[in-house]
Amino acid sequence: MTRNGRTPSVAVFGAGVMGVGITALVVGRGLPVTLVDVDQARLETARKRVRDELRMAHMMGALPRRGPAGELSLAGSAVAAADATWAIEAITEDAELKAKVHREIAAAVAPGTPRITNTSSIPVDELAGQVPAPVDLVGVHFMNPPYLIGTLEVIRGPRTGERAMSAVRDLLTALDRKGIVVGDGPGFVTSRVLHRMINDAANVVAEGRATVEDVDALMEGCLGHPTGPLRTADLIGIDNLVDSLTVLYERTGDEGCRPSELLLRKVADGDHGRKTGRGFYEYGTR
Ligand SMILES: NC(=O)c1ccc[n+]([C@@H]2O[C@H](COP(=O)([O-])OP(=O)(O)OC[C@H]3O[C@@H](n4cnc5c(N)ncnc54)[C@H](O)[C@@H]3O)[C@@H](O)[C@H]2O)c1
């Protein structure tokens with residue numbers, strides 16, 4: 001497969017929960033990835049974490065076992081992304097930091113390269129107002145874990161151009177994902193609905209009305225959710241969840257999005273969910 005005469009490749013920014021998950025999906029579909037993070041410790045464990053996700057994806061039949069995996073390169077700065085066909089930003093949910101990184105990406109890649117943000121909550125147009133060539137900026141909200149969940153939310157900001165939308169369609173085809181295009185705004189569709197619900201679930205526990213296990217059992221058993229809201233919080237990462245709720249609260253004024261005291265306490269205690277070994281549940285090694 002070539003695109004504009006070049007072998008297509010992806011640059012992924014952020015080697016956290018989502019950056020590693022997206023990388024596993026992309027290399028698992030045979031495309032090379034340059035994974036960029038400023039945290040050396042994150043980079044040092046990234047290759048193993050990608051390998052672990054690929055192993056799990058293969059065990060579950062979520063990615064093809066046949067065919068070569070894409071090559072993985074690791075880098076500490078945006079310069080390494082110069083030749084990328086698509087740039088995907090999956091760094092910390094912080095609007096100022098994301099805008100800065102998008103300026104670095106825009107300076108590194110060829111003009112016209114689609115620049116994708118995986119933000120959960122920050123309006124694409126808010127970022128577009130702070131970066132060059134906003135026409136090339138588009139939101140693609142990969143779900144967690146990316147190798148398993150085949151449907152994605154695609155956010156077309158008011159300044160996103162057709163060339164970027166077409167490039168995203170090409171990428172999703174190569175990754176065998178289905179995109180649903182939605183309008184821009186805090187939390188788009190999925191985080192606007194889901195994050196508020198998880199926050200309410202935490203408040204219910206904090207009020208002493210039900211245990212963590214019972215809240216999840218009710219939402220799973222009565223309402224058919226595959227995973228209860230508090231186990232989902234652990235999967236997302238409670239630090240990231242609080243960041244996203246803060247974005248939602250600050251931009252909508254919706255009291256239901258003001259981060260629950262219980263969530264804030266877990267972040268302060270370092271109980272961020274699966275990634276630290278403990279959140280609402282225990283996950284073995286910390
Ligand atoms: N966790 C989820 O379930 C989930 C789902 C969908 C979308 N998202 C979104 O994806 C993004 C990443 O979330 P996450 O859960 O992976 O966060 P995370 O905290 O696990 O990882 C963030 C990574 O970004 C890196 N980073 C920070 N500044 C950087 C910079 N200047 N350049 C390169 N890397 C930098 C950090 O070192 C860290 O490794 C956020 O915008 C989040 O809202 C998260």
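The C-alpha centres of domain 1 and domain 2 lie 25 Å apart. Domain 1 covers residues 10-182 and domain 2 covers residues 190-275, with bounds that come from an automatic or database domain assignment. This is a predicted model, in which local features need pLDDT of at least 70 and side-chain atom pairs count only at pLDDT 80 or more, while totals for chains, interfaces and linings use all residues. Residues are numbered from 1 along each chain as its sequence is written.

Let's look at where the domains meet. Nine residues of domain 1 are in contact with 11 residues of domain 2; two residues are in contact if their C-beta atoms, placed from the backbone, lie within 7 Å. On the domain 1 side, two of the touching residues are nonpolar, four are polar and three are charged. Here Ala, Val, Leu, Ile, Met, Phe, Trp, Tyr, Cys and Pro count as nonpolar, Asp, Glu, Lys and Arg as charged, and the others, Gly among them, as polar.

Now turn to the ligand. There are 28 residues around it, and Gly 14, Gly 16, Met 18, Ser 120 and Asn 144 come nearest; a residue is near a molecule if its C-beta atom, placed from the backbone, lies within 6 Å of it. Helices α1 (17-28), α3 (95-108) and α9 (238-252) each give two or more residues to this shell, and the largest share, three residues, comes from α1. Helices are DSSP runs (H or I, at least four residues), numbered from the N terminus. By class, the shell has 12 nonpolar, 12 polar and four charged residues.

What about the inside of the protein? The largest nonpolar core has 74 residues, and Val 10, Val 12, Phe 13, Ala 87 and Ile 88 have the most contacts inside it. Such a core is a set of buried Ala, Val, Leu, Ile, Met, Phe, Trp, Tyr and Cys residues joined through C-beta atoms within 7 Å, and a residue is buried if 20 or more other C-beta atoms lie within 10 Å of its own. Helix α1 gives the largest share of this core, eight residues. Because domain 1 and domain 2 both give residues to the core, it lies between them.

Finally, visit helix α7 (residues 212-221), whose buried residues are Val 212, Val 215, Asp 216 and Met 219. They cover an arc of only 95° around the axis, which puts them on the same side of α7; the arc is that of the directions from the helix axis to the C-beta atoms. Among what covers these buried residues are α6 (190-206) and α8 (229-236).

Key
A residue is buried if 20 or more other C-beta atoms lie within 10 Å of its own, exposed if 12 or fewer, and partly exposed in between; C-beta atoms are placed from the backbone.
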